[in-house]
Amino acid sequence: MIKSLHAKDRILLEGIAKGDPQCIAQIYDAVLPAVIHWVGQNQGSESDARDVFQEGILALYRRVRQGDFELTCTLKSYLLVVCRNLWLNQLRRRRPTTLINDDIDREVAFDAGIHQAMEATERGRLFVRHFGQLGADCREILRAFFAKTPLRQIAEQRGTSEGYIKKKKFQCKERLLRAVQADPLFKELQ
């Protein structure tokens, strides 16, 4: 069973499991440019990046085919972490053995799942920090909305109109989104 936070990612993962070339092409279009950029910034060529990306896609395919695959971040973030780890491992193997430091090797050899969990935790902390900086009114409306409480019910509880709640929810979400995106940590996690 494939689980994902995002419906679009789940559809793509199911397509990968079935070997759907259109799903694989969508993933290439969405993720490969970022991998090429990152590898290029880290002592690699476009050809290196394409090879690493192919390995990453194969690793993803194997994980999805095993069953019970749960994606706790976006598919793009997951693949970027996998490709990053694959590239760092290649760089480590290319280095002369006299320069290898065991502490650095252990750090570089992080399992993709552990790194993914760490990034998800950082994203959560970032969200919680900025959510806590919103006004009490925004926090209450967004909490109810995230709990899937219908807007009509939120409006009744607050003694106001559904239209007002809809507008206020939109404004609060936009304020939260802008605050998160302006945070330097957000750019690092991209």
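User: What is the relative accessible area of E46?

Analyst: The model is predicted, with pLDDT of at least 70 needed for local features and 80 or more for side-chain atom pairs to count, while totals for chains, interfaces and linings use all residues. Residues are numbered from 1 along each chain as its sequence is written, and side-chain values use heavy atoms, leaving out hydrogens and water. Buried denotes under 20% relative accessible area, exposed over 50%, and partly exposed the range in between (1.4 Å probe, protein chains only). E46 is partly exposed, and its relative accessible area is 41%.

User: Which residue forms a salt bridge with R50?

Analyst: A salt bridge requires a side-chain nitrogen of Lys or Arg within 4 Å of a carboxyl oxygen of Asp or Glu. R50 is partly exposed, at 41% relative accessible area. In the salt bridge of R50, the closest N and O atoms are 2.9 Å apart, and the partner is E46.

User: How many residues apart are R10 and E14?

Analyst: These residues form a salt bridge in which the closest N and O atoms are 3.8 Å apart. R10 is partly exposed at 31% relative accessibility, and E14 is partly exposed at 33%. Both lie in helix α1 (residues 7-18), where about one turn of the helix corresponds to their separation of 4 residues.

User: Which residues make up the salt-bridge network that includes K168?

Analyst: K168 forms a salt bridge with D137, the closest N and O atoms being 3.9 Å apart. Since K168 lies in helix α9 (residues 162-182) and D137 in helix α7 (residues 136-146), the pair ties together parts that are 31 residues apart in sequence. K168 counts as buried at 16% relative accessibility, whereas D137 is partly exposed at 26%. Through shared partners, salt bridges join into one network D137, E140, R158 and K168.

User: How is the ring pair of Y28 and F53 classified, and how far apart in sequence are the parts that the pair ties together?

Analyst: Rings of Phe, Tyr and Trp (its six-membered ring) pair if their centres lie within 6.5 Å; planes under 30 degrees apart are stacked, over 60 edge-to-face and the rest tilted. The whole structure holds 5 aromatic pairs. The ring centres of Y28 and F53 are 4.7 Å apart with planes at 80°, so this pair is edge-to-face. Y28 lies in helix α2 (residues 21-41) and F53 in helix α3 (residues 46-66), so the sequence separation of the parts tied together is 25 residues.

User: Which residue lies over the face of F145?

Analyst: Ring pairs link F145 with F127, F131 and F146 into a cluster. A charge sits over a ring if NZ of Lys or CZ of Arg is within 6 Å of the ring centre and within 35 degrees of the ring normal. At 4.4 Å from the ring centre of F145, the residue over the face is K169.

Technical notes: Helices (H or I, at least four residues) and strands (E, at least two) are DSSP runs, numbered from the N terminus.
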